[in-house]
Amino acid sequence: MTEFQQKLENKKVLVTGGAGFIGSNLCETLINLNTKVVCLDNFATGHRHNLDAIKDNENFQLIEGDIRNLETCHKACKNVDYVLHEAALGSVPRSLADPITSNEVNISGFLNMLVAARDAGVKRFVYAASSSTYGDSEKLPKVEDEIGKPLSPYAITKYVNELYADIFQDAYKLDTIGLRYFNVFGRKQDPNGAYAAVIPKFVMKFMNHESPVINGDGTYSRDFTYIDNVLQMNLLALTTDNADAINEVYNTAVGERTNLVELTKLLKKHLSEFDPEIAKVEVKHGPKRAGDIPHSLASVEKAENLLGYDASHRIDEGLKEAIAWYWGNLKP
Ligand SMILES: NC(=O)c1ccc[n+]([C@@H]2O[C@H](COP(=O)([O-])OP(=O)(O)OC[C@H]3O[C@@H](n4cnc5c(N)ncnc54)[C@H](O)[C@@H]3O)[C@@H](O)[C@H]2O)c1
């Protein structure tokens, strides 16, 4: 039995946003550890099919509801040991198009969840923070205590989450850990819709022999982080016994950056193994996008030192696995 299994077996974990990309991977991981899982989701951007593998498991419960409703949050937190709060409206462009809804879900919904977790006596509240909190800070690599000015409504919402989490520890002794995710990718990430993330969007384009469009000249870079690294960070945050590790925020990344031109080359390399024609598909360039940070690269030292984090996948290994999944599951 693994240490995670020992610590989480028979515990009850609420995963908000559990039908989404990261949330559904978390639900599945926890079910495989014999943990009892409650998933709260309103399917705004998540999908029922993400839960197919676990929906009939006796340890799994789905609550269809909205974190903007405090009563729903109270119901979901009942008898729960831990919360993994993933529910939010992601995407910088979405928040620029509709800042009010992003604010309601990402800030008011977050606050509802903190209140419900506090009232239910939850032992630990681990939440999805974001690398967007680094804003206009040009310093690389990003270290947790040096942030800049937010560049989008989305970034503001994620920063406010950290401020609220801090207050809930000070005022109510609710233990929290924030995980600042850096461009996560992997199985079950949605390739469709106006706000799809770059990797699944480009994979689908290449699979259809269509040219993906890079915003700008392709020199913008990101610390692309495979889902398994994110799952590890969540399990470490849930189970750590290190008192110094609690009530902190952590970069959740690999500590390497790849620019968009390099990324498309890697995608073509791996996809060409399934379909050699993809090597011939050209990439196009469009205008830069508002609110985008030029470069993003994490220091993961804090996570390594305080949580014992050890990234299992670098970008190339992650892309290989993710592409095999997309090919097996979503090839048109
Ligand atoms: N994917 C990334 O690269 C990344 C990076 C930084 C932070 N994050 C954060 O990680 C979390 C998960 O992101 P994801 O990529 O899995 O996105 P996702 O859109 O796949 O998942 C979000 C889930 O939350 C649910 N949800 C949205 N509004 C809700 C509401 N009002 N009530 C209940 N459920 C609601 C959605 O239906 C969806 O299932 C989010 O908080 C996001 O901001 C993600």
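Here are some notes on the sheet and on one helix pairing in this predicted model.

1. Ground rules. The model is predicted, so local features need pLDDT of at least 70 and side-chain atom pairs count only at pLDDT 80 or more, while totals for chains, interfaces and linings use all residues. Numbering starts from 1 along each chain as its sequence is written, and side-chain values use heavy atoms, with hydrogens and water left out.

2. The sheet. Seven strands make an open sheet ordered β3-β2-β1-β4-β5-β6-β11, with parallel pairing. Strands (E, at least two residues) and helices (H or I, at least four) are DSSP runs, numbered from the N terminus, and two strands pair if DSSP finds at least two bridges between them. At the edges sit β3 (60-64) and β11 (248-252), each pairing on one side only. Neighbouring strands here are turned by 20 degrees against each other on average, direction ignored.

3. Strand β4 (residues 82-85). On one side β4 has Tyr 82 and Leu 84, on the other Val 83 and His 85, and all are buried (under 20% relative accessible area, 1.4 Å probe, protein chains only). Strand β1 (residues 12-16) pairs with β4 in the parallel sense over 4 bridges, with Thr 16 partnered by His 85. Another 4 bridges join β4 to β5 (residues 124-130), also parallel, and there Tyr 82 stands opposite Arg 124.

4. Helices on the sheet. Helix α3 (residues 70-77) lies across β1, β2, β3 and β4, at about 170 degrees to β2. Angles run from 0 to 180 degrees between N-to-C directions, and axes are lines fitted to C-alpha atoms, for helices over the stretch in contact.

5. Helix α7 against α11. What is the angle between α7 (residues 198-207) and α11 (residues 315-330)? About 55 degrees, with the axes 11 Å apart. In the contact (heavy atoms within 4.5 Å), α7 brings Ile 199, Pro 200, Val 203, Met 204 and Met 207, and α11 brings Leu 319, Ile 323, Tyr 326, Trp 327 and Leu 330.

6. How enclosed is α7? Because 7 of its 10 residues are buried, α7 is largely enclosed by the rest of the structure. Among the buried ones are Phe 202 and Phe 206. The cover includes β7 (184-185), β8 (213-215), α9 (260-272) and α11. After α7 comes His 209, with a positive phi near 60 degrees.

Notes. Buried < 20%, exposed > 50% of the residue type's maximum accessible area, 1.4 Å probe, protein only.
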